[in-house]
Amino acid sequence: MPRIVPDILIRHDPPGEEAGVDLVPVVFDSPHSGNVYPADFDFAAPVEVIRRAEDAFVDELFASAPKHGAALLAALFPRSYVDVNRHEHEVDTLLLNEPWPHPIVHSHRSARGLGVVRRLVRATVPVYDRRLSVTEVQARIARYHQPYHEELQVMLDDARGRFGAVWHVNCHSMKSTARGRLRADFVLGDRDGTTCDPAFTDLVATCLRDLGHSVGLNHPFKGAEIVTRHGDPAAGRHSLQIEINRGLYMNEERIEKSGGFDRLRQDIDRLIATIAGYCRDRVTTRTARPGSAPRDCAPDRTAGSG
Ligand SMILES: [Zn+2]
């Protein structure tokens, strides 16, 4: 049974060794796929525009993680309400009707209206027709942002405590185009090699390319608060951000799955298996079992279709 904190998060742990699943020190998290809109959101922008900020269906794409011995955490609230991929003091002062009572963490994101609570949903579309109070923003951080990070921290600490190291994949989606140009199928972000072992980034990139996908590295997305906060490779904590091109699996205007969804989910399943095998090998050299780790990432196209 998943652990559910209503309106906040859902956590899926692997079934465990008694169910014949080898646990692996791997945690996936989907911080932006939530669509439970809080009653006090009080946004003014059109709901269909607000909803396009969701990383819709990303949690479903990674839903097979527990079957491979990994854990999966997903936010239930929308990122447009409060964004866990921002520092809690990454505040856009133009959003507020009074000064923020803490030192502000400045970033190019908050300067564009995309701070911990968004002021803009698109470059020129305000989320609200009013300014927010400090109390209102702080309540969102206390009720949603902090519990999400605390849950993720516990999951990462548990895995690292048990295995001595943990690999964390922070899962997102991106618009299919930027300035009229098609983006890569995937963009991996390790903040220029600082939030995980570069060998892990290489593993994921190679697997995705073997599956026929184009992969960009650290551009235009290099990772933000979550991988910065939880990645510390020298301490055995590896965090990698993965952005998936929405054009592969959904209609971006209508926020509906497309015919490509099942095919992509199969590819993600192969990726999860490859990551699980890699991480299992890295922590179980003393009890290595030859042939137990799935390394082959070649596409298996015998089942299903795009
Ligand atoms: Zn995202």
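This is a predicted model: local features need pLDDT of at least 70, side-chain atom pairs count only at pLDDT 80 or more; totals for chains, interfaces and linings use all residues.
Hi everyone. Let me start with a definition: two strands pair if DSSP finds at least two bridges between them. Keep that in mind for strand S3, residues 26–30, which runs parallel to S4 and is joined to it by 4 bridges.

Aspartate 29 stands opposite leucine 73 in S4. S4 also has a partner in strand S2, residues 9–12, and here the two run antiparallel, again with 4 bridges. In that pairing, leucine 9 has alanine 75 of S4 as its bridge partner.

So how buried is S4 itself? All 5 of the 5 residues in this strand, 71–75, are buried, so S4 is largely enclosed by the rest of the structure. Ala71, Leu73 and Ala75 point one way, Leu72 and Ala74 point the other way, and all are buried.

Now let's zoom out to the sheet. There are 8 strands in an open sheet, and the order is S1-S2-S4-S3-S7-S12-S10-S11, with mixed pairing. At the edges sit S1, residues 3–5, and S11, residues 215–217, each pairing on one side only. From one strand to the next, the twist averages 20 degrees.

Further along that order, S7 (residues 166–174) and S12 (residues 237–245) pair in the parallel sense, over 9 bridges.

Next, a loop residue. Asparagine 218 is in the loop between S11 and helix H6, the latter being residues 225–230. Is asparagine 218 buried or partly exposed? The answer is partly exposed, because asparagine 218 has 16 C-beta neighbours inside 10 Å. Leaving out residues up to four places away in sequence, asparagine 218 touches Gly189, Asp190 and Asp192.

Finally, the whole protein. Its secondary structure comes to 7 helices and 14 strands. The radius of gyration is 19 Å, close to the 19 Å from the globule rule for 306 residues, so the protein is as compact as a globular protein of that length. Along the principal axes, the C-alpha trace spans about 60 × 40 × 35 Å. Buried residues make up 41% of the 306. And among contacts with a separation of 6 or more, 76% come from residues 24 or more positions apart.

Notes: Residues are numbered from 1 along each chain as its sequence is written. Axes are lines fitted to C-alpha atoms, for helices over the stretch in contact, and angles run from 0 to 180 degrees between N-to-C directions. A residue is buried if 20 or more other C-beta atoms lie within 10 Å of its own, exposed if 12 or fewer, and partly exposed in between; C-beta atoms are placed from the backbone. Two residues are in contact if their C-beta atoms, placed from the backbone, lie within 7 Å. The radius of gyration is taken over C-alpha atoms; the globule rule is 2.2 Å times the number of residues to the power 0.38.
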